[in-house]
Amino acid sequence: MLDLILYQPEIPPNTGNIIRLCANTGTRLHLIHPLGFLLTGKDLKRAGLDYGSLVEISEHSSFDDFLSTTRSKRIIAFSTSGKKPYNEIKFEQGDALLFGPETRGLPQAVLSAAYCRSEEHTSELQSRETI
């Protein structure tokens, strides 16, 4: 099973859509605080919280709090500063996929954490040129 980690997500509909994705794939979801919204907000509810009962959602007060409780073998961070394209990573059972805030991305302190330090564990995210 995979874990999906949202580090300080900011946009409720994006998180709601990820909740739906996790419900349909059997993926556990971890939300690292602070969140940019309330989990009870109508935008989040409209986008996916009605799937919340189908997803194991864990909230963590910080990235360190998450690290102290994770069962994941590897944490693979997705960042525009990553060096390895996502399609070159050999994903394994028990991996956790880490995504940062929509407007800021992952902070260097998180990318420098032991779990994310090597190129093998940081994947490049690119936007299309036309966007």
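H30 counts as buried, at 8% relative accessibility. Here buried means under 20% relative accessible area, exposed means over 50%, and partly exposed is in between, with a 1.4 Å probe and protein chains only. This is a predicted model, where local features need pLDDT of at least 70 and side-chain atom pairs count only at pLDDT 80 or more, while totals for chains, interfaces and linings use all residues. Residues are numbered from 1 along each chain as its sequence is written, and side-chain values use heavy atoms, with hydrogens and water left out.

**Around H30 and β2**

So where does H30 sit? H30 is found in strand β2, residues 28–32. Helices (H or I, at least four residues) and strands (E, at least two) are DSSP runs, numbered from the N terminus. Leaving aside residues up to four places away in sequence, H30 touches D3, L4, I5, L6, S58, H60 and F66; a contact is a case of heavy atoms within 4.5 Å.

The rest of β2 is covered too: five of its five residues are buried, so the strand is largely enclosed by the rest of the structure. In a regular strand the side chains alternate between the two faces of the sheet. In β2, R28, H30 and I32 point one way, L29 and L31 point the other way, and all are buried.

What does β2 pair with? Strands pair if DSSP finds at least two bridges between them. β1 and β2 are parallel and share five bridges, with L6 standing opposite L31 of β2. β2 also runs parallel to β3 (residues 57–60), joined by four bridges, and there I32 has H60 as its bridge partner. Together with helix α1 (residues 12–25), β1 and β2 make a right-handed β-α-β unit. Right-handed means that, with the strands pointing away from the viewer, the path from the first strand over the helix to the second runs clockwise.

β4 and β6 run parallel and are joined by five bridges; A77 has L98 in β6 as its bridge partner.

Rings of Phe, Tyr and Trp (its six-membered ring) pair if their centres lie within 6.5 Å; planes under 30 degrees apart count as stacked, over 60 as edge-to-face and the rest as tilted. The count by this rule is three aromatic pairs. One of them is F78 with F99, stacked at 4.7 Å centre to centre and 10 degrees between the planes. F78 lies in β4 (residues 74–79) and F99 in β6 (residues 95–99), so the pair ties together parts that are 21 residues apart in sequence. F78 is buried at 8% relative accessible area, whereas F99 is partly exposed at 24%. Ring pairs also link Y7, F63 and F66 into a cluster.

**Cores**

Nonpolar side chains tend to be buried together in soluble globular proteins. A nonpolar core is a set of buried Ala, Val, Leu, Ile, Met, Phe, Trp, Tyr and Cys residues joined through side-chain atoms within 4.5 Å. The largest one has 13 residues, and I5, Y7, F63, L98 and L106 have the most contacts inside it. At least two residues of this core come from each of β1 (3–7), α3 (63–69), β4, β6 and α4 (108–111). Not counting residues up to four places away in sequence, I5 touches H30, I32, F66, I75, A96, L97, L98 and F99. Another core, apart from it, has 10 residues, including I19, C22, L35 and V55.

L35 is found in the loop between β2 and α2 (42–47) and is buried, at 15% relative accessible area.

| Strands | Sense | Bridges |
|---|---|---|
| β1 and β2 | parallel | five bridges |
| β2 and β3 | parallel | four bridges |
| β4 and β6 | parallel | five bridges |

**The whole protein**

There are four helices and seven strands, running β-α-β-α-β-α-β-β-β-α-β from the N terminus. Of the 131 residues, 41% are buried. Among contacts between residues at least 6 apart in sequence, 72% join residues at least 24 apart.
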